[in-house]
Amino acid sequence: MFSYDLPNGGLHTKTFVTKEGQIKFDPALYEQRYTTTVRIIEDPRWRQSLKKIVDFGCSEMRLLPLLRRIPKVEHILADGVIHYKK
């Protein structure tokens, strides 16, 4: 098992392998990514200078509502790939 505490904000994460050999993340990996992204953007060192954000691989656009709550962000571009079934 692997465990890590993020330095900014105290998010504690766990990574482990199940009996079936699957890698599991707690909290889910996408939640860790969203939380870390918002914490970096809200960090006092960057807060005043970040006004435009691009989310590459936005998938289901779950990060967008979190980014919209950050007061200094003026523009958000969400870029993703849409797969169509034939």
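Colleague: What accessible area do Val17, Ile23, Phe25 and Leu29 have together in the nonpolar patch on the surface?
Modeller: A patch is made of residues with over 30% relative accessible area and no salt bridge, joining like charges within 9 Å and nonpolar side chains (Val, Leu, Ile, Met, Phe, Trp, Tyr) within 5 Å. A salt bridge is a side-chain nitrogen of Lys or Arg within 4 Å of a carboxyl oxygen of Asp or Glu. Accessible areas come from the Shrake-Rupley method with a 1.4 Å probe, where for residues only the protein chains shown count as cover. For these four residues together, the area is about 380 Å².

Colleague: What kind of model is this?
Modeller: Residues are numbered from 1 along each chain as its sequence is written, and side-chain values use heavy atoms, without hydrogens and water. Local features need pLDDT of at least 70 and side-chain atom pairs pLDDT 80 or more, while totals for chains, interfaces and linings use all residues, since this is a predicted model.

Colleague: In what order do the elements run from the N terminus?
Modeller: Helices (H or I, at least four residues) and strands (E, at least two) are DSSP runs, numbered from the N terminus. The protein has two helices and five strands. Their order is β-β-β-α-β-α-β.

Colleague: Is Val17 buried or exposed?
Modeller: Buried means under 20% relative accessible area, exposed over 50%, and partly exposed in between (1.4 Å probe, protein chains only). The relative accessible area of Val17 is 57%, so this residue is exposed.

Colleague: Which residue meets Arg33 in a salt bridge?
Modeller: Side chains of opposite charge can pair when their charged atoms come close. Here the distance is 3.9 Å, N to O, and the partner of Arg33 is Asp55. The pair links distant parts of the chain, 22 residues apart, with Arg33 in helix H1 (residues 29-42) and its partner in strand E4 (residues 52-56).

Colleague: What is the N to O distance in the salt bridge of Arg45 and Asp43?
Modeller: The structure holds two salt bridges. In this one, Arg45 is exposed at 61% relative accessible area, while Asp43 is buried at 9%. The side chains of Arg45 and Asp43 meet at 3.0 Å.

Colleague: What type of aromatic pair do Tyr30 and Tyr34 form?
Modeller: Rings of Phe, Tyr and Trp (its six-membered ring) pair if their centres lie within 6.5 Å; planes under 30 degrees apart count as stacked, over 60 as edge-to-face and the rest as tilted. Both residues lie in helix H1, four residues apart, about one turn of the helix. With 5.6 Å centre to centre and 70° between the planes, the pair of Tyr30 and Tyr34 is edge-to-face.

Colleague: Which residue has its charged end over the ring of Tyr30?
Modeller: A charge sits over a ring if NZ of Lys or CZ of Arg is within 6 Å of the ring centre and within 35 degrees of the ring normal. Tyr30 is partly exposed, at 37% relative accessible area. The charged end over its ring, 5.2 Å from the centre, belongs to Arg62.
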